[in-house]
Amino acid sequence: QRQMCIRDRNCIITLMKYQNVLNDNRVQCTVCPRNCKLSNGQEGFCHVRKNENGEIVLTSYGYNTGLAIDPIEKKPLYHFFPTSSVLSFGTLGCNMGCQYCQNWQTTKNKSDSQLLNSTSPEEILQIAKKYNCKSVAFTYNDPIIFLEYAVDTAKLCRLNGIKTIAVTSGYINPEPAKEFFKHMDAANIDLKGFSEEFYKKNCLAHLQPVLDTIKFVRNETNCWLELTTMLIEGENDSEDEINSECEWIINNLGNTVPLHFSSFFPSYKFTDKKSTDFSTLLNAYKIAVNSGLKYVYTGNLSNQETSSTYCKNCHNPIIIRNGYELLGYNLVDGKCIFCGTECDGRFEKHNNSK
C-alpha cells in the first residue's frame, strides 16, 4: 500500500491511500476535513502533505523537532498510568488554523521538514526503552497530519510493550480515523470551544468533525480518552457555552470522561489578549462538576483541589496532586481504598496506597 522513495538520502513516504485523483489532474488529500485539492508541487494547508507528480507525499516522515521525556500528566492525561514517563515528539505544520496557537513556532513553521532531526520509528522505540518510558506521545503539533509516521511508530511500540498516545485536535476524516486510533492506547483531544462560530473564526475549521471524532474514539475504540478545553476570556468561556459542552459530553460520552480546563497565554495572533485568570478556570471547573461530570481538572493553572481525582462513589480523594506532583495515591488495582469502587482509566496493578 506504500512505497518508499529515496531522494538524496532523504526519505519521503509516497502515500497510496487517503487521496483521490481528480479529473483536472489535481490530487485531493482525504486525511482531514479540509480535503485539500492540490496541483503538482502544491502543499496542503498542513504544509507537510504535498502533491508530487500526481501522488500525495508526506514530507515530514522520519523527521521531528526533538524528543523530550515528560510526566504523563503533562499531556494532560490523569487517568492513564499516573506518574509514568512518556517520550514525546512532533514534527512541523498543522491542519488547524488556531489564531492563538501556543506552539506556533512549530505548527506555523514552513521550513523544510528535512532540516529537522532524523529519527526512525525503530530509533524512537529504542530511546523509549532506554529511558524506561511507558509510552510514546505524538504531540506538540497534530499527529493527524503525520499519520503514517505516527502509525508506523505506534505499531512497533505496541509490539514491544510500549503504549502510544495521540495529543490531537481530532480534525480527521472518518476512514483515516479508524486506522489512526486503532493503534493508539490513549488520546487527549483538544475540544477548543463549543460553538461553530469559535471554530470558524479562531481555528479556521469546523466543530462537528471534532465532535464526530470524539464520539468515535469514546464509543467505538479501545483508546482511553481525555478532553482538554483551553479557555480564552471573552471567546469561549461563557457559562452557557461551558454548560452546553458538559451537557454534550454527558449525553454522548457519559459522565466519566476526564475534562481538563487549561489557561491561555498570549501567543501568535492573540498577543493582545490577556492570560486566563485562575478564577475563570475555577468557574468552569465548578460548572462541570455541578453538571455531573465525575473527573474534572484545571490544567496549567491548578491547585491541589482542582488537580486531584475523587472517587465517583464516595468522593474521597484517590489521586492527590498539585499540578504534576503526586502527593497521595489511594488506589489498589485501580480501585478506591475507601469504598472499593473502580476508578475509570488505565492503572498499574498491585499499587499500594501512600
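Let's start at Val332, which sits in strand E21 (residues 331-332). Strands here are DSSP runs of E with at least two residues, helices are runs of H or I with at least four, and both are numbered from the N terminus. What you're looking at is a predicted model, so local features need pLDDT of at least 70 and side-chain atom pairs count only at pLDDT 80 or more, while totals for chains, interfaces and linings use all residues. Residues are numbered from 1 along each chain as its sequence is written, and side-chain values use heavy atoms, with hydrogens and water left out.

Back to Val332: it is partly exposed, with a relative accessible area of 32%. In this text, buried means under 20% relative accessible area, exposed means over 50%, and partly exposed is in between (1.4 Å probe, protein chains only). Val332 teams up with Ile337 and Phe338 in a nonpolar patch on the surface, and together they have about 240 Å² of accessible area. Such areas come from the Shrake-Rupley method with a 1.4 Å probe, where only the protein chains shown count as cover for residues. A patch takes residues with over 30% relative accessible area and no salt bridge; nonpolar side chains (Val, Leu, Ile, Met, Phe, Trp, Tyr) are joined within 5 Å, and like charges within 9 Å.

Now for the open spaces. A pocket is an open set of points on a 1 Å grid over the protein atoms alone, with protein on both sides within 12 Å along at least five of seven lines; a cavity is a set where a 1.4 Å probe fits but cannot get out, and lining residues have an atom within 4 Å of a point. Grid points are joined across faces, edges and corners, and a volume is the space filled by probe spheres set on the points.

The largest pocket holds about 1,000 Å³ of space. Its lining is made of 35 residues, and Lys75, Gln102, Asn103, Val167 and Asp190 are the closest to its centre. Four strands each supply at least two lining residues: E13 (163-168), E14 (186-190), E15 (224-231) and E16 (259-263). By class, the lining of this pocket has 13 nonpolar, 14 polar and eight charged residues. For that sorting, Ala, Val, Leu, Ile, Met, Phe, Trp, Tyr, Cys and Pro count as nonpolar, Asp, Glu, Lys and Arg as charged, and the others, Gly among them, as polar.

The second largest pocket has a volume of about 200 Å³. Of its 13 lining residues, Val289, Leu293, Lys294, Tyr310 and His315 lie nearest the centre.

What about enclosed spaces? The structure holds two cavities of 30 Å³ or more. The largest cavity has about 110 Å³ of space. It is lined by 14 residues, with Cys29, Cys32, Cys36, Cys46 and Arg49 the closest to its centre. That lining has nine nonpolar, three polar and two charged residues.

On to charges. Side chains of opposite charge can pair when their charged atoms come close. There are 15 salt bridges in the structure, each a side-chain nitrogen of Lys or Arg within 4 Å of a carboxyl oxygen of Asp or Glu. In one of them, Lys134 pairs with Glu348, with the closest N and O atoms 3.0 Å apart. Lys134 lies in the loop between helix H2 (121-130) and strand E12 (135-138), and Glu348 in the segment after strand E22 (335-336), so the pair ties together parts that are 214 residues apart in sequence. Lys134 is partly exposed at 25% relative accessible area, and Glu348 is partly exposed at 34%.

Lys178 and Glu175 also meet in a salt bridge (2.9 Å, N to O). They are three residues apart in helix H4 (residues 174-182), so about one helical turn separates them. Then there's a network of salt bridges that links Asp70, Lys74 and Lys75. Within it, Lys74 and Asp70 have their closest N and O atoms 3.9 Å apart. Lys74 is partly exposed, at 44% relative accessible area, whereas Asp70 is buried, at 9%.
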